[in-house]
Structure formats: structure tokens, C-alpha cells
Amino acid sequence: MHVAPPLVVIGHKNPDTDSVCSAVAYAEYKSQIDGVEARAYRAGNINAQTRFALKQFDRDPPELLT
């Protein structure tokens with residue numbers, strides 16, 4: 001049986017709060033609603049505002065994917 005690799009959800013190269021949070025939310029949606037294994041990643045360093053927003057929702061920053 002073939003098992004598909006996880007769906008990679010990633011924002012743009014200079015991630016801001018909306019791209020990081022969108023990637024996290026969409027990966028959660030695909031996992032919970034569609035039953036697809038999905039993982040959020042980021043393509044660059046996150047700024048203080050994004051780090052603050054993630055902390056407020058008790059989320060770790062997505063792993064960096066280069």
C-alpha cells in the first residue's frame with residue numbers, strides 16, 4: 001500500500017504574520033477536516049510580531065524549510 005507524504009503548507013520567503021498564521025491554519029484545516037496529513041513550514045525567519053502572535057495562541061513557530 002502506498003502512503004502519500006504529508007502535504008507541505010508554506011508561506012512566502014519573507015514570512016509575515018498573515019503568511020505564517022495562514023500556513024498553520026490551513027495545515028490544521030486539512031488535517032482535521034479533510035483527514036490529510038499536512039504540516040506547516042516557513043521559508044524564512046519570523047519577526048517579533050509573528051512570534052508574539054504565535055505565543056498568544058500557544059503555538060510553536062513552524063519549522064524552517066529551505
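Before I turn to the fold, one term: a residue is called buried when its relative accessible area is under 20%, exposed when that value is over 50%, and partly exposed in between, with a 1.4 Å probe and protein chains only. What you see above is a predicted model, in which local features need pLDDT of at least 70 and side-chain atom pairs count only at pLDDT 80 or more, whereas totals for chains, interfaces and linings use all residues. Residues are numbered from 1 along each chain as its sequence is written, and side-chain values use heavy atoms, with hydrogens and water left out.

Let me start with the overall layout. The protein has two helices and three strands, and from the N terminus on these elements run β-α-β-α-β; helices (H or I, at least four residues) and strands (E, at least two) are DSSP runs, numbered from the N terminus. The C-alpha atoms fill a box of roughly 45 × 25 × 15 Å along the principal axes, and of the 66 residues, 29% count as buried.

Now the sheet, where two strands are said to pair if DSSP finds at least two bridges between them. The three strands form an open sheet in the order β1-β2-β3, with parallel pairing. β1 and β3 stand at the edges with a single partner strand each, so one side of each is left without a neighbour in the sheet. How enclosed is strand β2? Four of the five residues of β2, which covers residues 38–42, are buried, so this strand is largely enclosed by the rest of the structure.

Strand β1, residues 7–10, pairs with β2 in the parallel sense over four bridges, and in this pairing leucine 7 has alanine 38 as its bridge partner, while isoleucine 10 has tyrosine 41.

Next, helix α1. Its 16 residues reach 22 Å from the first C-alpha to the last, close to the 22 Å expected at 1.5 Å a residue, the expected span being 1.5 Å times one less than the number of residues. Its buried residues, among them Thr17, Val20 and Lys30, pack against β1, β2 and α2, where contact means heavy atoms within 4.5 Å.

Which residues make up the largest nonpolar core? They are Val9, Ala23, Val24, Ala27, Ala38 and Ala40, six in all, a nonpolar core being a set of buried Ala, Val, Leu, Ile, Met, Phe, Trp, Tyr and Cys residues joined through side-chain atoms within 4.5 Å. α1 gives the most to this core, with three residues. Leaving aside neighbours within four places in sequence, valine 9 is in contact with Ala23, Tyr26, Ala27, Arg39, Ala40 and Tyr41.

Finally, serine 19, which lies in α1: its relative accessibility is 10%, so serine 19 counts as buried. Beyond neighbours within four places in sequence, serine 19 is in contact with Gly11 and His12.
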